[in-house]
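Here is a short report on one protein model. Look at the sequence and the 3D view first, then read on.

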Amino acid sequence: HYTSGKIEVIDFIEDQKLGFCLGNTVKYVARAGKKDPSKLLEDLNKAKWYLEREIQSVIDQKQEL
């Protein structure tokens with residue numbers, strides 16, 4: 001479940017310098033349901049949680065300016 005396609009997800013995340021929250025968003029989307037198909041929705045919800053956290057961080061940073 002770690003390699004799907006031609007590259008590992010971590011290599012893409014590092015290459016794009018996505019940081020923790022966006023990196024985890026990509027990781028959970030890319031791997032969703034592959035390790036355990038019964039956990040597809042759980043994986044997608046984890047991706048959503050990390051994306052929402054990143055969005056809130058961007059909002060908070062703008063409010064500090």
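## The one salt bridge

This is a predicted model. A search of the whole structure turns up 1 salt bridge. Which side chains meet in the salt bridge? They are those of Glu42 and Lys46, with a distance of 3.4 Å from N to O. That counts as a salt bridge because the cut-off is 4 Å between a side-chain nitrogen of Lys or Arg and a carboxyl oxygen of Asp or Glu. Side chains of opposite charge can pair when their charged atoms come close.

Both partners sit in helix α3. Glu42 and Lys46 are 4 residues apart there, so about one helical turn separates them.

## The overall plan

Now step back to the whole chain. The protein has 3 helices and 0 strands. Read from the N terminus, the elements run α-α-α. Helix α1 covers residues 9-16. Helix α2 covers residues 19-31. Helix α3 covers residues 40-64.

The protein has 65 residues, and buried residues make up 20% of them. The C-alpha trace spans about 40 × 25 × 10 Å along its principal axes.

## How the helices pack

Two packed helices are described by the angle between their axes and the distance between the axes. Take α1 and α2 to begin with. Their axes come within 10 Å and cross at roughly 150°. The two helices are therefore roughly antiparallel to each other. The cut-off explains why: angles over 145 degrees count as roughly antiparallel. The crossing of α1 past α2 is right-handed.

Next come α2 and α3. They pack at an angle of about 160°, and their axes are 8 Å apart. That makes α2 roughly antiparallel to α3. What is the hand of the crossing in which α2 passes α3? This crossing is left-handed.

## The loop between α1 and α2

Find Lys17 in the loop between α1 and α2. What is the phi of Lys17? Its phi is positive, at about 50°, although Lys17 is not a glycine. Most residues other than glycine have a negative phi.

Lys17 has 70% relative accessibility, so Lys17 counts as exposed. The cut-off behind this is over 50%.

Leu22 lies in helix α2. Its relative accessible area is 28%, so Leu22 is partly exposed. Compare its position with that of Glu8. Leu22 and Glu8 are 14 residues apart in sequence. In space, their C-alpha atoms are 16 Å apart.

Lys27 is also placed in helix α2. Its relative accessible area is 22%, so Lys27 is partly exposed.

## The loop between α2 and α3

Lys39 lies in the loop between α2 and α3. Its relative accessible area is 38%, so Lys39 is partly exposed. Lys39 and Tyr50 are 11 residues apart along the chain. Their C-alpha atoms are separated by 17 Å.

## A nonpolar patch

Which residues form a nonpolar patch on the surface? They are Val29, Leu40 and Leu44. Together they have about 240 Å² of accessible area.

One member, Leu40, lies in helix α3. Leu40 has 40% relative accessibility, so Leu40 counts as partly exposed. Patch residues need over 30% relative accessible area, so Leu40 passes that cut-off.

Terms used: Residues numbered from 1 in each chain as written. Predicted model: local features only at pLDDT ≥ 70, side-chain atom pairs only at ≥ 80, totals over all residues. Heavy atoms only, no water. Patch = residues over 30% accessible without salt bridge, like charges linked within 9 Å, V, L, I, M, F, W, Y side chains within 5 Å. Areas by Shrake-Rupley, 256 points an atom, 1.4 Å probe, with all protein chains shown as cover. Buried < 20%, exposed > 50% of the residue type's maximum accessible area, 1.4 Å probe, protein only. Axes fitted to C-alpha atoms, helices over the stretch in contact; angles between N-to-C directions. Parallel < 35°, antiparallel > 145°, perpendicular 65-115°, else oblique. Left-handed = near helix turned anticlockwise from the far one by under 90°.
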